[in-house]
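Please look through the sequence and the structure shown below before reading on.

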Amino acid sequence: MKKAMLVLKDGTVFEGLSFGAEEENIGEVVFNTSITGYQEIITDPSYKGQIVVMTYTQIGNYGVNEEDIESSGGPKVEGFVVREYKDYPSNWRSKEGLGEYLKKYGVVGIHGIDTRALTKHIRDRGAQMGIISTTDLDPVSLHKKILAHPDISDIDHVSTVSSRHPEMHHFQDGSPLCVVYDFGVKLSILKNLKRVGFSVYLVPAKTSAEAALELNPDCILLGNGPGDPRILRYAVENIKKLINKKPLFGICLGHQLIGLALGGRIYKLKFGHHGGNHPVKNLKTGKIAITAQNHNYCVDISSLKGQVRLTHKNLYDGTEEGMEHVEYPIFSVQHHPEAGPGPNDALDVFERFRQLVG
């Protein structure tokens, strides 16, 4: 294996070995605390523009299969960082090794570095831009490239991962029609909509509100996706026009976009929430669910000035995890009820949406 180097925007350098493609990629460096599910993580479109560090040590041991993907077209991460890469997978569903899979799609990976030290560094200093390279091993040169690269908040990554054309994803005669705005929606979300009895019609991120309503849907779901919601002005303007037209349900980025459409404020977390072990309390029922999460931004519920009520709270840091409108059939969650990967504690959110639609 070739040498590889990871350099952070603050100048911190990590040297290791490469696996996957021999490339040079830049992205915001974040860590994920999931123990399993690396295939779902690297194919999650919400990670577009980011380099993901896995805190679990052994990655690649069960290979890659054809079922556990969250989007078509291969990995969406800009780079993948692990402590110990396993090149000889053992699993009955495995079709190829993780390294082969990353190489096929031009994604560079680095292993053999101290991911615990890197994770602690990100926790202390915050998520920041970084670069992984197998082609340039000069730290000074790599650092200059980071400084010249736009920040993740300056790039509309949604436009690169959204579907290009509308399509009927699932049809069941007699079932209510849910139009899903594809900001980078995970396949697990679509599967769960099907599970609770929806027909599912997927539309691109820039679909006008008028075009969505012409489909005569029974409800609209605003899916997850990558990057800073504050630059997605086209999405915010469309959502404003959808309010009080149809029942709305937002997940992750969709939750944040609803907050912006209602005139609220978005703030960025220091290092985000990425993993499958976040306790979230339902303030209406008192139930505590262990949830899957993947976001760097939150909605300041207080900035919505009484239009919504807080429904869920993160028990790690007290941040807002869900809201519902006090007048209209609109609700949203910051966590990922579909998991993929992660626990299934929050799956009942999809049943709630189905009951809201009637």
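Predicted model: local features only at pLDDT ≥ 70, side-chain atom pairs only at ≥ 80, totals over all residues.

## The second largest pocket

The volume of the second largest pocket is about 270 Å³, and the residues of its lining divide into 6 nonpolar, 6 polar and 5 charged.

## The largest pocket

The largest pocket has a volume of about 390 Å³. Its lining is made up of 24 residues, and those that lie nearest the centre are Pro45, Ser71, Ser72, Lys76 and Val161. Two or more residues of this lining are given by strand 10 (167–170) and by helix 6 (187–195).

Sorted by class, the lining of the largest pocket has 10 nonpolar, 9 polar and 5 charged residues.

## Cavities inside the structure

The structure also holds 2 cavities of 30 Å³ or more. The largest cavity has a volume of about 130 Å³, and among the 16 residues that line it, Ser46, Gly225, Gly227, His295 and Asn296 are the closest to its centre. Helix 9 and strand 16 are the elements that give two or more residues to this lining, and strand 16 gives the most, with 4 residues. By class, the lining of the largest cavity divides into 5 nonpolar, 9 polar and 2 charged residues.

The second largest cavity has a volume of about 110 Å³ and is lined by 16 residues, of which Asp44, Lys186, Gln293, Asn294 and Pro341 lie nearest its centre. Helix 1 (38–42), strand 15 and strand 16 each give two or more residues to the lining of the second largest cavity, and the largest share, 3 residues, comes from strand 16. The lining of this second largest cavity divides into 5 nonpolar, 8 polar and 3 charged residues.

Leaving aside neighbours within four places in sequence, Ile258 is in contact with Leu222, Ile239, Phe249, Gly250, Met323, Ile330, Phe331 and Ser332.

Val82 has its place in the loop between strand 6 (79–81) and strand 7 (84–85). Is this residue, Val82, buried or exposed? Val82 counts as buried because its relative accessible area is 0%, which is under the 20% cut-off.

Not counting residues up to four places away in sequence, Val82 touches Phe19, Met54, Ile59, Ile110, His111, Gly112, Ile113 and Thr115. Val82 and Thr57 are 25 residues apart in sequence, and from C-alpha to C-alpha they are 6.7 Å apart in space.

## Aromatic pairs

A pair of aromatic rings is described by the distance of the centres and the angle of the planes. The structure holds 10 aromatic pairs. One of them is formed by Phe19 and Tyr85, a stacked pair with 4.3 Å centre to centre and 10° between the planes. This pair links distant parts of the chain, with Phe19 in strand 2 (residues 13–20) and Tyr85 in strand 7, 66 residues apart. Phe19 is buried, with a relative accessible area of 3%, and Tyr85 is buried as well, with a relative accessible area of 9%.

Another pair, formed by Phe249 and Phe353, is tilted, with 4.9 Å centre to centre and 50° between the planes. This second pair also links distant parts of the chain, since Phe249 is in strand 14 (residues 248–251) and Phe353 is in helix 10, 104 residues apart.

Notes
Residues numbered from 1 in each chain as written. Heavy atoms only, no water. 1 Å grid on protein atoms, 1.4 Å probe; cavity = no way out; pocket = protein on both sides within 12 Å on 5 of 7 lines; lining within 4 Å. Points joined across faces, edges and corners; volume = space filled by probe spheres on them. Nonpolar A, V, L, I, M, F, W, Y, C, P; charged D, E, K, R; others polar. Contact = heavy atoms within 4.5 Å. Buried < 20%, exposed > 50% of the residue type's maximum accessible area, 1.4 Å probe, protein only. Phe/Tyr/Trp six-rings, centres within 6.5 Å; stacked < 30°, edge-to-face > 60°.
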